[in-house]
Amino acid sequence: MKQFVLKSMPRTIIVMLLSVVMIFPLIWMLLSALKTADEIFAIPLTWLPAIPQWDNFANALKLAPFGLYIWNSIFTAIIIVFFQVLFAAMLAYALTQFTFKGKKLLFQSILLTYMLPAAATYVPSYVIISKMGLLDSLAGIIISNSISVFAIFILRQAFMQIPTELLDAARSDGASDFVILTKIMMPMSKSTIFTVVLISFVQMYNNYLWPSLIVKSEENFLITVGLNRFFTTQGTFAEQWPLIMAANVMTVAPLLLLFLILQKWFMKGISDNGLKG
Amino acid sequence: MKKRLTIALFVGIPLIPLLTFWFIPMIVSVWLSSTDWDYISPDFSYVMLDNYKQVLTSSDFHQALWNTVFFGFWTVLPTVALGLGLALIVRKQMVGQTFFKGLLFTPWITPMVAVSIVWSWIYEPTIGLFNQILGFLHLPQPQWLTDPEYAMWAIIIVTIWKNAGWAMLFYLDALSKIPDELYQVGDLEGANAWHRLRHITLPLISPTTLFLVVLSAIDSIQAYDQIQVMTQGGPAGSTRTLLYLYYQLAFEQFNMGEATAVATLIVLLTALLAFILFFVSKRWVHY
């Protein structure tokens, strides 16, 4: 063991340095969030705050309700992910277990949509949301994101791996399609589903362009929208930079915490399922 | 009969949002590109291909097209190369391996909006971290985000930084599937590290490379958040990509006809790219 540690020492040091460089913008964010305005603008650079300014967080919260924004983001992301998985499971089941007219066309359309940029749908989707009276509401964001072409695609692949003998046996025992889906296929694909849940959640929490078009009033802001608003309104005042960094830390914290707890799932799931960024 | 009802439910329910927010908007978008609709008034008239003529002859579009290609090229290749480099270093057994992989992957998890704000602070010309370091090394200190020469590079660096760990994960998986015997045969034949990489590793991971290039390229066409936060397409349109041009035409100028024309062109560009990569892959990807 000792010899092994010594032998891999040079490489370990290189990897350590690379990791620090990669993570440094995030460390810098945290350090800046704890500095005073004078320290943040000091030349030459000060690396560490003399006294950590924890008040920066409280002061940022006084200027904008980041707690509410983060809650809005987590809440909408959870509901969206729920519907994405539900709808994807239903369609993936239909695509793998049923034969019906237009099945091939449906699958090809889904495949085509997977490749195309979502932005191409934004103008008509915006009009549809406004016609539904859902502009400036979280419901508008939830409904328009409730289907994920990508989730359908991945779940279909997972469902195809399940041995047909197993499903035939269940059917001859009189199990309904609903029971087969929820009691056999979904439990057997649970690691795929869990990965889809995690990645979709992160994507929805990080989503900016589409939500920024839908929500207009502050009580409906998602964290990305609220944070960028805070940045554009406060960024012109030099003394506010520590507060902006504090807001950044609050924004990133929930995801980093989630990643810290579920790191293995994220990393294994992504390379196993070929998940798109 | 009951079977048909079940099928109708399983297909029909998910089909409602799929049609409403994907299939129908895709078609409507192409239709809108033949009108002069301005979003506010209920009236519009058909102008057929005028929007396309207008767009294709405008210098804004030419600049945005070039910016998109430039951004795509300089983010995709370095992201994939850096991903492979990181994977090659991290893959061998070492103390704290899982921890380091996690650190290298972390940027991918964070919201682009938040990290773009951090980076715009790092890029600050006089007191920003980046120029302080460059000054320490006696290198030129550009006005990153306000100089048309450098603004796109600033956006590119952030994008590579955020995605390299993601590419690394795929390469780690691909590398772990190469059988050790192949390297042992290479060793017997006296292959050095470069030969091993060139003749064993690279050919065997070429499907992963293709996959990463396709996904990163499609992803690069859709880049928006970092541009919106750091430069808003400026200075002088130097970071305005096709997608950003589309956003400005649609949601700042409400010129829906030209905006949807740009959207159609973005779709065509994506399709063309997918087609080219598929064609190229037949020549050099070894399955």
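User: Happy to look at this predicted model with you! How far apart do the end C-alpha atoms of residues 70–262 of chain A lie?

Analyst: Residues 70–262 of chain A are 77% helix and 0% strand. An unreviewed UniProt entry annotates these residues as "domain: ABC transmembrane type-1". The end C-alpha atoms of the span are separated by 20 Å.

User: Thanks! Which helix of chain B gives the most to the side that touches chain A?

Analyst: Let's begin with the contact as a whole: 69 residues of chain A are in contact with 77 residues of chain B. With 18 residues, the top contributor on the side of chain B is helix α1 (residues 2–32). That side divides into 59 nonpolar, 13 polar and five charged residues. The name you asked for is α1 of chain B.

User: Now for helix α5 of chain B: how many of its residues are buried?

Analyst: This helix spans residues 112–122 and is mostly covered. Among its buried residues are M112(B), S116(B), W119(B) and I122(B). The count of buried residues in α5(B) is eleven of eleven.

User: Great, and how are α2(A) and α5(B) oriented to each other?

Analyst: Helix α2 (residues 9–33) of chain A packs against α5(B) with the axes 10 Å apart and an angle of about 80°. An angle of 65 to 115 degrees counts as roughly perpendicular. The two helices are therefore roughly perpendicular.

User: Last one: which residues of α2(A) meet α5(B)?

Analyst: The contact of α2(A) with α5(B) has eight nonpolar residues, one polar and no charged. On the α5(B) side are V115(B), V118(B), W119(B), W121(B) and I122(B). Their partners in α2(A) are P25(A), W28(A), M29(A) and S32(A).

Key. Residues numbered from 1 in each chain as written. Chains lettered and ligands numbered in written order. Predicted model: local features only at pLDDT ≥ 70, side-chain atom pairs only at ≥ 80, totals over all residues. UniProt positions renumbered as here; feature names shortened; annotations may be inferred. Helix = DSSP H or I, 4+ residues; strand = E, 2+ residues; numbered from the N terminus. Contact = placed C-beta atoms within 7 Å. Nonpolar A, V, L, I, M, F, W, Y, C, P; charged D, E, K, R; others polar. Buried ≥ 20, exposed ≤ 12 C-beta atoms within 10 Å, placed from the backbone. Axes fitted to C-alpha atoms, helices over the stretch in contact; angles between N-to-C directions. Parallel < 35°, antiparallel > 145°, perpendicular 65-115°, else oblique.
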